[in-house]
Amino acid sequence: MRYLIFILFLLVAFCACEEEIDAYAGKCGIYFDTKDMRLDTVTVSWGLKNSELKEQSLMLKVCLFGDVAPYDRKFSIDVISDLEDTLRAIEGVDYRPFSVEYTLPALQAETTINIQLLRTEILQKEARRFTVRLKETSELQFLYSRQWQEDSVTTRLLDIQRVVYMDENFPMPRWWYMLGPSVFGDYSVKKSIVICDVMGIDRETWALGNLASDLSEGYLKYVGKYMHRWLQEHPTEDENGELMEMGPASRN
């Protein structure tokens with residue numbers, strides 16, 4: 001009896017798999033690569049990039065769901081920048097114009113959309129964003145897409161689009177709590193940018209380095225005093241509209 005039950009279980013499982021396979025037989029789909037993606041937003045932070053870097057590439061991978069084909073298959077995208085969005089990115093200003101027509105090459109299961117992003121001064125004040133959305137075709141449908149519940153009645157497909165979000169986020173260094181207020185005064189992103197630019201300090205070293213190996217206490221005190229003298233000769237407004245100044249230890 002046990003063996004009979006086991007055989008029946010296998011038959012049921014096989015039939016279920018057969019139905020699932022048949023449901024997708026002959027169908028293929030496209031979707032954006034979901035690796036490391038919780039939702040559908042790609043955040044590009046310029047903050048840790050040195051000021052001279054004004055352009056960087058973003059590659060969005062488009063994947064195939066189904067069998068590869070012995071011929072090229074074409075698909076297209078929409079580039080969406082909502083006029084009502086206060087953070088809307090502008091083509092030619094925040095990113096270079098790019099093609100909306102693409103090809104999934106023969107015998108290939110993926111391709112990429114390459115976008116050149118541009119750095120503007122406005123990013124120091126507010127972010128910019130735009131959306132890249134795949135367009136479904138008869139050959140390449142939306143067969144693999146996670147759903148996100150917006151509210152009790154609205155859902156949206158996640159893997160058919162990518163929201164490209166750009167900002168100039170420059171995190172406060174971990175060592176700031178020990179030396180920052182006395183040497184450099186109140187923290188601001190703009191102040192950190194000015195210090196790194198004037199002193200030629202790599203932004204990643206400034207924001208992510210530690211006092212033991214990357215930035216010594218003596219060097220940071222030297223930077224504070226140098227920047228105090230520099231600001232006397234080059235008055236610079238901080239984010240709050242007031243003149244930027246170093247901390248009390250650097251002004252003495």
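**Exercise 1.** Find the residues that form a negative surface patch.

Solution. E52, D197, D202 and E204 form the patch. Patch residues have over 30% relative accessible area and no salt bridge, and like charges are joined within 9 Å. Now place E52: this residue sits in the loop between β2 (41-45) and β3 (55-65). Its relative accessible area is 63%, so E52 is exposed (exposed is over 50%, buried under 20%, partly exposed in between, with a 1.4 Å probe and protein chains only).

The model is predicted: local features need pLDDT of at least 70, side-chain atom pairs count only at pLDDT 80 or more, and totals for chains, interfaces and linings use all residues. Residues are numbered from 1 along each chain as its sequence is written, and side-chain values use heavy atoms, without hydrogens and water.

**Exercise 2.** Examine the salt bridge between D78 and K135.

Solution. A salt bridge puts a side-chain nitrogen of Lys or Arg within 4 Å of a carboxyl oxygen of Asp or Glu. The closest N and O atoms of D78 and K135 are 3.9 Å apart. D78 is in strand β4 (residues 73-80) and K135 in the loop between β7 (128-134) and β8 (147-149), so the pair ties together parts 57 residues apart in sequence. D78 is partly exposed at 32%. K135 is partly exposed at 36%.

**Exercise 3.** Trace the network of salt bridges that includes E168.

Solution. Start with E168 and R119: their closest N and O atoms are 2.5 Å apart. Both are buried. Next, R203 meets E168 at 3.2 Å, N to O. R203 belongs to helix α4 (residues 203-208), 35 residues from E168. R203 is buried too. The network therefore links R119, E168 and R203.

How values were computed: Patches are made of residues with over 30% relative accessible area and no salt bridge: like charges are joined within 9 Å, nonpolar side chains (Val, Leu, Ile, Met, Phe, Trp, Tyr) within 5 Å. Accessible areas come from the Shrake-Rupley method with a 1.4 Å probe; for residues, only the protein chains shown count as cover. Lys and Arg count as positive and Asp and Glu as negative; His and the chain ends are not counted. The place of a charge is taken as NZ of Lys, CZ of Arg, CG of Asp or CD of Glu. Helices (H or I, at least four residues) and strands (E, at least two) are DSSP runs, numbered from the N terminus.
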